Amino acid sequence: MTTEAQILEALKKVHDPDLGKNIVELGFVKNLKIENETVSFTIELTTPACPVKDKLKEEAKQAVLAVDGIKNVNVEMTAKVRPTLSQQKTNLLPQVKNIIPVASGKGGVGKSTVSANLALVLVKMGAKVGLLDVDVYGPSIPLIMGVQKPPQVLEGNRIIPAEEHGVKIMSMGFFIHPNEAVVWRGPMLHKTVEQFLGNVEWGELDYLIVDLPPGTGDVQLSLCQIIPLTGAAIVSTPQDVALQVAEKAIVMFNKLNTPILGLIENMSGFVCRHCGEREEIFGAGGVREYSLRHEIPFLGAIPLDTRVRENSDSGEPTVIADPDSPSAQAFMLVAQNLAAQVSIRNMGGSTGGRPAPKEITQPEIGKVRILWKDGHESVYSGQQLRLACQCAVCVDEATGKQKLNPEKIQPNIFPVSTQPVGQYAIRFHWSDGHSTGIYAFDYLRALCPCEKCSSAEKVKTS
Ligand code: ADP
């Protein structure tokens with residue numbers, strides 16, 4: 001008689017190439033049943049958009065068929081999207097598992113087109129998806145998605161998002177007249193982003209795709225501060241100039257401790273629909289090369305295709321209007337690679353090698369202790385941290401000179417409370433009433449006064 005242990009042993013030969021472990025170790029094998037010569041089980045993946053779904057199914061089948069006495073194998077493939085670890089701990093959107101901003105260095109590179117098509121591929125594959133358009137300067141998602149019915153505003157400012165092609169949609173475009181020039185100021189943007197996250201009835205979502213404005217402005221900062229993000233996808237055309245601008249977005253997300261899930265090359269080579277000849281109008285392959293050089297995942301390339309634009313203009317994005325076209329296939333690959341990167345992050349819990357605190361305590365009055373996720377311990381004096389405040393009240397933004405008078409800071413000053421800021425920083429509320437300083441994790445780690453860190457710093461600067 002074949003035992004469960006034998007079957008599991010056989011299934012250990014099946015590896016998920018993205019997660020680098022076997023499917024038994026990953027806990028993917030469920031509902032295992034053995035009846036005479038027939039084995040049935042379910043493989044529960046981390047995303048319905050898994051790029052190696054068919055491969056894993058076939059390998060699992062063959063592995064079990066190789067066990068003595070087994071003639072038939074039934075494998076059911078399902079998926080349960082895992083949440084971003086830090087997202088689980090927030091109260092703002094507890095039912096939204098992953099928040100993925102789509103960014104670009106400059107406008108017109110196809111960020112909104114890519115966001116819409118990615119959201120649609122993920123829905124087609126069985127995921128629950130929302131699409132939030134916070135591109136204040138050109139909120140085009142309602143047009144691209146062909147939204148027929150605007151969102152409903154209920155009593156108490158609760159908002160039911162629009163829904164089209166199975167995607168829940170919210171956009172600045174529903175609230176701004178197309179010909180109205182709106183000058184958005186930082187605090188107003190912050191509040192709007194907060195409302196679009198907190199007041200909208202998103203329900204349970206596997207992925208919330210966020211179409212950001214181009215560049216590195218207030219909306220990006222607000223989003224990173226308000227809610228932990230799974231990671232950003234960056235869209236660029238292959239040209240050098242566009243890539244250089246995209247790099248600024250990459251640097252910004254790095255500073256905000258938001259991982260980069262990968263780069264997408266859009267408008268990559270043009271295939272003439274009449275003669276079939278391919279021309280590299282904006283070049284091709286530049287983004288892939290950049291990704292390789294900087295060790296950032298490359299999620300794929302989407303060709304410059306007139307139908308992509310026509311489909312967007314008619315409110316039927318390419319993956320819906322022309323699902324078999326090469327462009328739709330390209331969107332599908334990019335979405336699968338993106339979903340795989342999300343799973344890698346969530347299963348590995350990686351912070352991209354950057355320091356992140358595990359625990360913040362006050363062992364005694366006037367002392368702050370941070371235990372870091374890598375096991376390192378930093379014990380600061382409240383006075384040291386208060387004096388290191390970099391906010392605009394304490395430091396002159398133009399000259400970088402300290403405005404704070406050190407003599408005014410009491411040696412026994414202590415934080416009354418600490419508050420996380422997104423996934424990258426901590427805000428301290430000090431006993432002297434000051435609370436405007438935001439301390440990035442990198443900065444706090446660099447301030448560590450322990451002997452090891454101080455001598456490493458000396459070596460670096462000498
Ligand atoms: P962004 O959000 O970066 O400003 P959009 O998504 O609005 O850019 O795209 C800008 C224009 O380029 C739109 O007219 C869109 O239809 C078109 N476009 C985007 N991607 C492609 C593509 N791969 N092929 C052809 N046209 C595209």
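**Close-up views of a predicted model**

**View 1. The open sheet of strands E17, E18 and E19.** In this predicted model, three strands form an open sheet in the order E17-E18-E19 with antiparallel pairing, where two strands pair if DSSP finds at least two bridges between them, and where strands (E, at least two residues) and helices (H or I, at least four residues) are DSSP runs numbered from the N terminus. Strand E17 (357-361) and strand E19 (377-381) are the edge strands, each of which pairs on one side only. From one strand to the next the twist averages 20°, with axes taken as lines fitted to C-alpha atoms, for helices over the stretch in contact, and angles running from 0 to 180 degrees between N-to-C directions. E17 and strand E18 (residues 367-372) run antiparallel and are joined by four bridges; Glu-359 has Leu-371 in E18 as its bridge partner.

Residues are numbered from 1 along each chain as its sequence is written, and side-chain values use heavy atoms, with hydrogens and water left out. Because the model is predicted, local features need pLDDT of at least 70 and side-chain atom pairs count only at pLDDT 80 or more, whereas totals for chains, interfaces and linings use all residues.

**View 2. The shell around the ligand.** Among the 16 residues around the ligand, Gly-108, Lys-111, Ser-112, Thr-113 and Pro-303 come nearest, a residue being near if one of its heavy atoms lies within 4 Å. The shell divides into six nonpolar, seven polar and three charged residues, with Ala, Val, Leu, Ile, Met, Phe, Trp, Tyr, Cys and Pro counted as nonpolar, Asp, Glu, Lys and Arg as charged, and the others, Gly among them, as polar.

**View 3. Individual atom pairs at the ligand.** A polar backbone atom of Gly-108 is 2.8 Å from an oxygen atom of the ligand, and an oxygen atom of the ligand also lies 2.5 Å from a polar side-chain atom of Thr-113. For Asp-305, a polar backbone atom is 3.0 Å from a nitrogen atom of the ligand. Of the 560 Å² of accessible area that the ligand has on its own, the protein covers 81% (Shrake-Rupley method, 1.4 Å probe). Helix H3 (111-124), strand E14 (260-271), strand E16 (298-304) and helix H9 (306-313) are the elements that give two or more residues to this shell.

**View 4. The salt bridge between Lys-71 and Glu-37.** The closest N and O atoms of this salt bridge are 3.3 Å apart, the criterion being a side-chain nitrogen of Lys or Arg within 4 Å of a carboxyl oxygen of Asp or Glu. The pair links distant parts of the chain, 34 residues apart, with Lys-71 in the loop between helix H2 (53-65) and strand E5 (72-79), and Glu-37 in the loop between strand E3 (29-35) and strand E4 (38-45).

Conventions
Polar contact = N/O pair within 3.5 Å; in protein donor to acceptor, adjacent residues only side chain to side chain.
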